[in-house]
Amino acid sequence: MNGTTRSPTGDPAAAEILRNALMVAAEEASIVVVKSAYSSFVVEGSDASAAILDVRGRLVAQSAATTLAHGGSLRASIGAILEDHPASSMCPGDVFAMNDVYRGGIHANDILIFRPVFVGTEVAYFSGTLIHVADIGGLSAGGIAAGATEVFLEGVQLPPVRIATCDGLVDDIMRTLALNSRAPESVLGDVRALIAGANVAAKRIERLVTQYGRAAFDAGVDDYLDYAESRMRSGLAALTDGVYRGSYVVDDDGIHPGLSYTVRVTVTVEDDHVIVDFEGTDDQVRASINCGFSQAISAAMFGVRCFVDGTIPMNEGCFRPVEFRLPRGSLVNPTPPHAAGGRSIVMSAAIDAIIEALSAAQPHLAIAASGLLHSYAMAPVSSAGRRWLQMAYEYGGLGGRRGSDGPDATGIHFGLARNTIAQLEPIETRCPLVIESKEYIVDSGGPGRWRGGMGVRTVFRLLDDAVVTTRSDRMRYPPVGREGGSAGRAGRYLRVRPDGIEIELASKTSNHVFDRGDRFVVETSGGGGLGDPFTRDPDAVLRDLRDGRVTRGSVERDYRVAIDADADSDAVDVRATTALRGAGLRGERNG
Amino acid sequence: MTAPDGYSIGVDIGGTFTDCLVVARDGTTTVGKVSSTPSDLSVGFFGSIAAAAEQIGLDERSLLSATTKLAHGTTAGINAIVTGTGAKVLLLTTKGHADSIRAMAGQGRVLGATIEEILDYSISSRPDPVVPRERVCEITERIDFAGDVIVAMSDDDIGRSLDRIDELGVDAVAISFLWSFVNPSHEQRARERVAQRFPNLFVSCSHDVAPRIGEYGRTVSTVMNAAIGPLMVAYIDRIVQGAADRGLAGEVLFGLCEGGLVPAEEARRHPLGTVQSGPVAGVVGSALFARAMGYENIIVTDMGGTTLDVATIANGEVSFSEENELERQRVYLRKVDVESIGAGGGSIAWVHEDSGTLRVGPRSAGAVPGPICYGRGGSEVTVTDADLVLGVLNPDRPLAGGLTLDVDAAQRGVSELAARLGMSTLECAAGIVEIVDSRMEDLIRRVTIQRGQDPRGFTLWAYGGASGAHAGLYGRDIGAPEVVFPLGDAASVWSAYGLVSLQQSRSFQANALLRTPFDLERVSGLLHDLELQARKYADARAMRDIELVWRGDMKYSLQVFEVETELPDGDVDERWAAELMANFQRNYEGRFGRGSGYAEAGAVLTALRVTVRSPATDPVLRPERAADGPPAPESTRDVYWSETRAAEPTPIYWGPTLLAGVVIDGPAIAEYPNTTIAVRPGQSLRRDDFGNLILKLKGDA
C-alpha cells in the first residue's frame, strides 16, 4: 500500500487534495473533542481547537473552529514538549499534556494535549488539541480569577508531562488534576475528550503518511507551508511600506483601582514582510491581565491577517514573513510568577492597536475600534449548598469597516472566535436565575458613515445569594471611532438592588456578593464608527431607526437626518436632511 | 381500458426535473420524468403522472382511479424560504426577548456560513433576522422553567399587537413565548385573541411547531412555519383538489423530513415539516430496500448537479437530528440526517491566481447556464466537462432530455485552464475529477466520524445523476468494499421511489428534564398521555395495523449532546429504568466512541416520543432473467484513467443489455439512458438478480 497516492509536489491537483486532507484531519479531531467534552462552556461554545504539527515544531494545519489564540498556543507549546521530552524518548501510545503560560500555554484552564505520530519507529508529526476545562483550582471557580496577583492563584500549573502511555492514562496525573478541581468529573472527562480527539487525528495522519509514502507526504507538507507563506507575502506586499503606530489604553488591572496601562505597537511594513514591535508597552503587573507570549503572537498574527486575504490557511508559512518583538517583562511577555489568566484584555488591546496601525497602511480595509468580550461568572456564595456555575461571556459590537457596518455583538474580534452563547432557557434550568431580558442597546454602535456594531444588555435576576466575578475592559475608555466616526458606547457591569439602587461594578471584580432578588446587568461595549456620520446613507439611518438600533434623537443629532413622520410610513425628508447636513460643519458639530 | 387496482405513485419535484415513479402491485416500476414548472409546480406534478401513465398505456384518469396511494415530496416550502418569498410575518414574543432572533445565541456569524465568511474579518456578518425588528411585538408575560406564571400576560399588549397586524398588513402570525413548551397557556390565549379578530390569518405557536427547549431555535422554527404557511396551504389544496378532479381513488399524502407521510390537514398545519422531504425519502427508501437485500450498514450518497447529499444507515436504521440549520438559522425540526456539500457535476473548476493551484467549487454552473458542453451559454469548466474530456461521458449519446454534449467546446475550456497550470489537458481534467471526489470522500468520512462510525464497515449506496461516474473514485479511498446503484437506472428517480415506500406516520413528543434516578411515576404518566394522543390520531385517520415506536432523547448530566434511545417495553419500573440506561449507554458509545460517556455523572431524559405508524411493507424484489453468456461491449472509445495516467481504448457497454449475473471488469463504461457508470481499472461491475448494479471497488483479497 506504500505510496499509492501520487506525489503532491509539482502537481496542482494532488497538492490541493493533500491540503484538504490535512485540514480535515484537524477538523475531525476537533469534532471528536466537542462531542465528548464535559465542560458546558466548551461544548455549547464549540470552543475546541485541534492542530497538526511536525516534529520540528511547525504548525502544519488547524481546524476551522480553532481560534488563533489556541492555534498560536499549540504552536508555541510543542517546542516545550520537545525540549523536555526529546522525540527519541517518545514511545507509541504516549500522550503529553501541559498548560505552562511561560512556555507557550495560555492559562491554567486551557489544557494542551499532544500525541506523537509515529512513522515506523520515528516520531514525524503531532496532533494537538486544546479546550478550556471546567475548573482546575485557583482563586475563583471556572478559571476567571480576576483578583489573581500571581500565577499560583490561577490553578494547577502543568509542565510538559506524559499523561498517557501505551498502558493507558497515567493515573497519578489524573488523580492530581481531580484533587485540585472543584469539578473533578468534568475535568477528567474533558482531558479524556482531548486525548480522544488527538488520537483520531494521529491515526488519520498515520494513514495519510502510509498512503503517500513518507518522503512524498513530507514534501507535500513543505509545499503547503510554502504556499501559505507565498500568499501571506503577496498580501503584505500590497500594504504601503512605512512605519505605523497604534495603542490601546487598558481601563485598569482589577487590583490597583485607577491605574491604567498602555499597549503600544509599531508595525513596520517593508516590501513583503512586517515587523510587529511592542516596544513601549507598559511593564507586567501584579494582576492577572498580563498576556503570555504565545497569546501576544496570536493577537499580532490576527491583527495582521485582518489586512491580507483572510482565507490564507493558518500554518507555519503565515508566520515566516512576520517578525514579533515582545519586550520581556512587559504586559505582552510576562515572566514568572506574574499571573496571566486575564490575558484576553491585553490580547484584545494588542489586536486593536495593530488594527489601528494597519488601517493607516491599508485604508480600504480600515476598521474602527471594537467592543470586547465581556466575561463573567456567577456561583453560590457557599460551596455547601446547591452547586451551580454560570460562566459565560457576552460580546461587544465590532468597529465599523470600510464599506460595511460593524457586526453586532459577535466574537470574531477575539482571534476569530466562533464561540456561541448558550440560549437562555437551558441556563434557567441549571442556575437559580431568571433572565429578564437580552437586548441590543440602542445608540450603542458608534455613529459613522459605517456604524459600529451594537452592544448587548443582559439582565439576570438572582433567585439565590451569589458571588459574581467579572473580567472585561472598555468600560472607562470606550472603543474610539476612526476617520470622523464617533466612539461606541462603553460597557458596564451593574448590580441593581430590588429598591432600584444601582451599584456599578469594576470591569475586573472578584467574588462580589449579590443578594437574592438583586439583578446583575451585563452591558457590552459598542463598536466605534468609521467615517463622518453626516455622510451615512440616510436610508441606512432610517433602517437603523426602524430596527431599534438608534433613537430619533441620535438620527437628528449624530447623523443629521430629518425624518418625515407625516408620510404614510416614516420616510427620510431629503430636502430637510440636505439642509441640516449642509449646515453641519464639523466645527459646529463638535461645539 | 381498465387498470388493475393498487398502484402506488411517488412524485418528487426537484430543481430541474419532476420525477414520478409508479409501482404496480407486482412490483413493476414505471418512470415519468418532465421538466419542473416553477411558476406553478402542480403543472409538472400532474404532467409527470400523465407521462408515466402513457408509458404504462393508460390515460391519467384510469391510472389515478386505480391508485390507492399518491405520495408527494414538495419543495414549495423550502423554495419560499430560500428565495425569501414567504408571507409577511408578525412575531409576538416575551417582553425583553425581541432580540433573541437577532443575537442568534451568538451563532449568527458562523452557523451555516462558508469557511470564507467565517475567516474573513472584512466580510463576516450575521444574516438578516427571520423577522425585522419592526414586526416583532413584545408582550408582557413570563413563565418560568417549572411552568409557573411569574408575570401575568398583558391583554393590553396583545390588543396593541392586534392593531399592528392591521397597520402593517401582515399575512401570518408567529407566537413564541419563553417556556411555552412547558406551559402553553399564554400562547394559546394569544392565539385565541388573534383568531377572534382575524379568523382567516395563518397562526403558528411555538409550543405546537417546535416544543423544545431553546428560545432562539424555537422562535425561528415558528416564524418559518408561519412564513410558508399561507402559500403551502394554497399549494396543498391545489394538489389535493387536482388529484380529486382527476379521479384519484386513494388520497394524497405528503412526505415529511422526519421520514413519514401525513395527510393534507397535517401538512397544512405544520408545513415546515415537509422541507427536504424528497432527499429524506430517498434515504428512508434506501434503508428499506437495503434491509430487504440484506445490507445492514450503508452510506447513502446522492450526487446531482449542484450538491452531494450524504446519510448513513447503521444497523438498518436512519439517524435523526432534532436541530438543523436552514438558511444560516437554527431550526428545531426532527429530520433524518442528511448532510450536503456544494459539489456536483456543475461545480466550477478555476485557478487560484496567488498560488497557481487548481480549485473546484464551491460555485456551481447549475442547470443554467450549466456546463460548457451543454451549449447553453456556460463558459466555465465544470466537473461534467472534465468527465466528457476524459471520455467517461459519451459525446455521441444525447442526455435524457435530448441534449447533445459539445465535446470540442469542453476540450477548449479545459485546455485553456490546463495551459495556465502547465498541465496537459487530460491531466487537468483528471485533476478536476480527483479534487471533487476527494472533497466528497472528506464529507463522507466526516459524516461517519461525527456519528462514531468507521466508514470501512459500510457499503456505499449511490444514486442521483452524477454518482455513476464518480462513486468508483470517491468510494475507493474511504475503504468501502463496494458501491450499490439501487435498481440500476431507476436510481436516477430514487427519491420518488423512496416516497412510494414511505408509510403514514406522526410523532408526538413530551419534553421533560428527568434526571437519574428517574421519577418513574412521572415517566409513566407522560407515556400514558403520549399513547392517548397517538391512538387518537390513528383512529381519526382510520390507520390500520398501527405500530407505536417509543424513543427518548437522553444525555449525560455534564455533557450536551443528546442521543435518541429506544424506550424499553413493559411496565415502567426499576427493570425498565435499568434497561433504558443500558440502551442509552450502548447508543452513546456507538455514536461518540468508547469511553466518551461518563456514566458516573448520571443521565437526563430530555424528551419522550412516540411515533405512530402503519407498518412498512418490504419492497417487492422481482428476480430478473439471467444472462446466458458474457456481455458484449457495444463499442470502444479512449478513456483517460488516472490510475494508469493514460487514455486507453475502453469497452463501452449499453446498460439495458446487461442482464442478471453479468460481470464486467474495469476499465469499462456502462451507459444507461439516465446515468453513466465508470468501472475503473481493478474494479468490476455486476448486475444482481433484482436489477441492482454492484461496483466492486477492490480485487479479491
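Modeller: In chain A, 74% of the contacts between residues at least 6 apart in sequence join residues at least 24 apart. Contact here means that the C-beta atoms of two residues, placed from the backbone, lie within 7 Å. Before we go on, this is a predicted model, so local features need pLDDT of at least 70 and side-chain atom pairs count only at pLDDT 80 or more, while totals for chains, interfaces and linings use all residues. As for labels, residues are numbered from 1 along each chain as its sequence is written, and chains are lettered from A and ligands numbered from 1 in the order in which they are written.

Now the overall build. Chain A holds 14 helices and 22 strands, taken as DSSP runs numbered from the N terminus (helices are H or I with at least four residues, strands are E with at least two). Its C-alpha trace spans about 80 × 60 × 45 Å along the principal axes. The radius of gyration comes out at 25 Å, which agrees with the value near 25 Å that a compact globule of 591 residues would have. That radius is taken over C-alpha atoms, and the globule rule is 2.2 Å times the number of residues to the power 0.38. Of those 591 residues, 63% count as buried. Buried means 20 or more other C-beta atoms within 10 Å of the residue's own, exposed means 12 or fewer, and partly exposed is in between, with C-beta atoms placed from the backbone.

Let's zoom in on a pair of helices. Two packed helices are described by the angle between their axes and the distance between the axes. For helix α5 (residues 184-212) and helix α6 (residues 214-237) of chain A, the angle is about 110 degrees and the axes are 6 Å apart. The axes are lines fitted to C-alpha atoms over the stretch in contact, and angles run from 0 to 180 degrees between N-to-C directions. α5(A) and α6(A) are therefore roughly perpendicular to each other; that label covers 65 to 115 degrees, with under 35 counting as roughly parallel, over 145 as roughly antiparallel and the rest as oblique.

Who actually touches whom? On the α5(A) side you'll find A:Leu208, A:Val209 and A:Tyr212, and they meet A:Arg214, A:Ala216, A:Phe217 and A:Gly220 in α6(A). By type, the residues of this contact split into five nonpolar, one polar and one charged. Nonpolar covers Ala, Val, Leu, Ile, Met, Phe, Trp, Tyr, Cys and Pro, charged covers Asp, Glu, Lys and Arg, and the others, Gly among them, are polar.

Last stop, the backbone. Most residues other than glycine have a negative phi. A:Ala409 isn't a glycine, but its phi is positive, about 25 degrees. You'll find A:Ala409 in the loop between β13 (390-395) and α10 (424-430) of chain A, and it is buried, because 33 other C-beta atoms lie within 10 Å. A:Glu483 also has a positive phi without being a glycine, near 50 degrees. A:Glu483 sits in the loop between β16 (466-471) and β17 (492-496) of chain A. With 17 other C-beta atoms within 10 Å, A:Glu483 is partly exposed.
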